[in-house]
Structures are given as C-alpha cells and as structure tokens.
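Hi everyone, thanks for coming along. Let me put the sequence and the model on the screen, and then we'll walk through it together.

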Amino acid sequence: MKKFRFIFIIFLLFLYGCGDSDEVKVKKHNCNNFSQNLTIDIQKCIEDQKYYEELTFENNVFLTKKRLDEFNNKVDEFNSINIGVKHKEYKLLNIQEFLEKNKIQSDKDRIFIKNIERKKIKFNTYFEVSMLEDEKKYIIYFYDYFRNLISIIKKEDKNLKEPLLKFGNFQNIEIERKFETLLDNKFRIGSTIYSIPLKKNNATIYGYFLNTEYTGFDAAIKDLNLIINKNKNSDNKIEDLKITASEFFITDIELNKITYTEEEVRKIIKDNELASSLLINQL
C-alpha cells in the first residue's frame, strides 16, 4: 500500500511538472520528499510558500532526530570493534590548552611541537571526515569546516575561534575500516561523508603526533608563507624550502551517545538555517 501511494504521488508530480519553472520543479521534488516523512497536503505545499517553509523546517527536525537516533544506535557496536589499541596507555588532555602551552610555532594550517613524538594522548572532540571525489584519502577535521568557511565568506562571526589542531590522519587500515562502519550515504553533504550530529564533542580520539620534515614543493604546499618569503628574496630556490610540521595520527576512536530534546533540535535548526537546508534532499 505504501509503495502504491509513493508511485501515485510520483505520477501526479510528473503530470504537474510539465512546463514548470525550475523553482516549481524543485518545490515539487521537495514536497514529495516531505510526504515520505510527514503527513502533508502536497498541492498546498507546492502552491503556498509559507506552508512550504513550515514543512521544510519540520522535515529538517524529523531528519535530524532520525540521524541522532541512527547515530546512537551505532555507538555500542562501533565501540565494541577492537583493533588492538590499549586505551589505558593514553593520557587524557585538553588538546587546545595543551597546544597553546607547548607549540613552538603555529601557522594557519600547520603547527610544530618539540618533544611530543609518539606520546600516546587522547582528547574529546567533534570530528568530521571529507573525501574529494577524485581522491581516495580521508581528510579528518576536528572542527566544523563548512560553518567556518561560510562564516569567513560572509564575515559573520569575528569571534569564531579555530582550533590549533585542525586536521588528523588515520594511522592504518584498521582504524579506517572501523570508521567506515559509520558511513551512510544518506547523510553525506558534498565532500563531507561523515560528521557527528549537532556538532557535539562526542568522540574520544586516541593517537600521537609525528614531526615530519617537508622540502621543496611539498614544503610550499604545507606553508604558503614560504612562497611569499621566497618572492621577497629571489635568491631562494624552491628546492631549498624546508619546514617541519607536527601531524596527528589517529589510532582509535570512541563515541558517546548524544542526549537531546525536541526543543534543542528545533532551536539548533532554527539558528543554523543554511546548514539545515542541506538536509532537504537527503533520504
């Protein structure tokens, strides 16, 4: 019966869609998606802008709660995957305070710390993971990259503070495979293939730093200031460029379940309208 209802709705939307503008076609597509999650008047959804906006909000609430429930349902199974990491050997740190105290140098996307290599540490954080379509390497961010990018472009939040540790790397194939059990294409947004719902600091990250020396073009890619300084001193050659960067390698991840209320979800969606709107076409 449910399948027949879905086919009937698609048929109606096809009839309605002939000769429609792109905006109306998008509305019809979204209203059809809303009807899978909510009890709605599809025709009114298409024609009444206020009703359409109300349904957009309610659908985002529905999807966010569904995503939270699916996240929580995976936590115990995810944490039970043993990849041989002895958690008791890792020291718990406030990573931001630690880096502020111990960093020797910090540029926009690079930090350097002495006497830290391979010391086992853990810290609580939010994280998200991206993968570009033409690459097969995971990029792990310890902050909300999308929100930060939008805020910079729109110059909205001058007090937005980026973490000193922005990026991480999976140490080996075992932690990659464990992470991949969390993936669900329904919640992919662009190149971001995974993120913790509500941007919560609900992960404990285990790992260590390694100091890596980069030379030549690799050094320039890591720190664009090297190119700027080179241009000021034309005697410097690209192949002579050299930097050392402290890079973090993740050995394991633990997750905590997220507790939430209906009011909290509704407030977050209302306050973050742009990001929430990206949920519309999911599921």
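What we're looking at is a predicted model, where local features need pLDDT of at least 70 and side-chain atom pairs count only at pLDDT 80 or more, while totals for chains, interfaces and linings use all residues. Residues are numbered from 1 along each chain as its sequence is written, and side-chain values use heavy atoms, with hydrogens and water left out.

Let's start with the overall picture. The protein chain has 11 helices and 10 strands; these are DSSP runs numbered from the N terminus, with helices being H or I of at least four residues and strands being E of at least two. Of the 283 residues in the protein chain, 41% are buried. The protein chain exposes about 17400 Å², and carbon and sulfur atoms supply 51% of that; the areas come from the Shrake-Rupley method with a 1.4 Å probe, and for residues only the protein chains shown count as cover.

Now for contacts, meaning heavy atoms within 4.5 Å. Take the contacts in the protein chain with a separation of 6 or more: residues 24 or more positions apart account for 75% of them.

Next, the inside. In soluble globular proteins, nonpolar side chains tend to be buried together. When I say nonpolar core, I mean a set of buried Ala, Val, Leu, Ile, Met, Phe, Trp, Tyr and Cys residues joined through side-chain atoms within 4.5 Å. Which residues touch the most other members of the largest nonpolar core? They are Phe127, Phe209, Ile253 and Leu255, in a core of 41 residues. Helix H4 (residues 49-79) gives this core its largest share, 5 residues. Another core lies apart from it, with 10 residues, among them Ile42, Cys45, Ile46 and Tyr52.

Two strands pair if DSSP finds at least two bridges between them. Strand E10 (residues 242-255) has 11 of its 14 residues buried, so the rest of the structure largely encloses it. E9 and E10 run antiparallel and are joined by 13 bridges, and in E10 the bridge partner of Ile205 is Ile253. Strand E7 (residues 167-170) also pairs with E10, in the parallel sense, over 2 bridges. There, Phe170 has Ile250 of E10 as its bridge partner.

Strand E4 (residues 121-125) is largely enclosed by the rest of the structure too, because 4 of its 5 residues are buried. E4 runs antiparallel to strand E9 (residues 203-215), with 5 bridges joining them, and Thr125 stands opposite Ala203 in E9. With strand E1 (residues 91-92), E4 pairs in the parallel sense over 2 bridges; Leu92 stands opposite Lys122 in E4.

How about a helix? In H5 (residues 95-102), the buried residues are Ile95, Gln96, Phe98 and Leu99. Looking down the axis of H5, they fall within an arc of 160°, so they line one face of the helix; the arc is that of the directions from the helix axis to the C-beta atoms. The face of H5 turned away from the buried side carries the exposed residues Glu97 and Lys101.

On to the aromatic rings. Rings of Phe, Tyr and Trp (its six-membered ring) pair if their centres lie within 6.5 Å; planes under 30 degrees apart count as stacked, over 60 as edge-to-face and the rest as tilted. By this rule there are 14 aromatic pairs. Phe34 and Tyr52 make a tilted one, because their ring centres are 5.9 Å apart and their planes are at 45°. This pair links distant parts of the chain, 18 residues apart, with Phe34 in helix H2 (residues 22-37) and Tyr52 in helix H4. Is Phe34 buried or exposed? Phe34 has a relative accessible area of 0%, so Phe34 is buried. Tyr52, at 11% relative accessibility, counts as buried as well.

Phe170 and Phe179 form a tilted pair, 5.4 Å centre to centre with 35° between the planes, and both residues are buried. Ring pairs link Phe127, Tyr138, Phe170, Phe179 and Tyr194 into a cluster.

Last stop: Ser130, in strand E5 (residues 128-130). Ser130 is buried, with a relative accessible area of 5%. Setting aside residues up to four places away in sequence, Ser130 touches several others, including Tyr138, Ser191 and Ile193.

Methods: Buried < 20%, exposed > 50% of the residue type's maximum accessible area, 1.4 Å probe, protein only.
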